[in-house]
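Morning, everyone. Please have a look at the structure on the screen, and then we will walk through it.

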Amino acid sequence: MKENAVITIISITIIVLNMMMIIVLDIKNAIMMATMAEVTTVTMAEVTAVVMAEITAATMAEVTVVVMAVITVVVKDVAAVGAGCFNLINN
């Protein structure tokens with residue numbers, strides 16, 4: 001009779017310990033998932049900010065070069081037309 005009681009107590013103790021271990025593992029997994037989600041979100045935000053800044057800087061540099069080239073061509077054309085008109089007037 002005592003042996004059955006001891007076996008029952010040991011069995012219940014093992015079941016309780018297993019349940020506690022499952023709970024602890026679930027909590028650990030939840031913390032890990034939350035941490036990974038947070039790290040991923042922060043990393044993606046950082047990468048996006050850096051990439052967008054890089055793209056913006058490169059695009060602005062390209063646009064500036066093209067606009068300056070166009071302005072140079074237009075100014076030269078206007079100067080040439082002006083010089084032609086000046087020559088026509090003076091001749």
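Where is the place of Val63? Val63 sits in helix 1, residues 2–90. Helices here are DSSP runs of H or I with at least four residues, strands are runs of E with at least two, and numbering goes from the N terminus.

A word on the source. This is a predicted model, where local features need pLDDT of at least 70, side-chain atom pairs count only at 80 or more, and totals for chains, interfaces and linings use all residues. Residues are numbered from 1 along each chain as its sequence is written, and side-chain values use heavy atoms, without hydrogens and water.

Now the whole protein. The C-alpha trace spans about 135 × 10 × 10 Å along its principal axes.

Back to Val63. Why partly exposed? Because its relative accessibility is 40%, and partly exposed lies between buried, under 20%, and exposed, over 50% (1.4 Å probe, protein chains only). Of the 91 residues, 0% count as buried.
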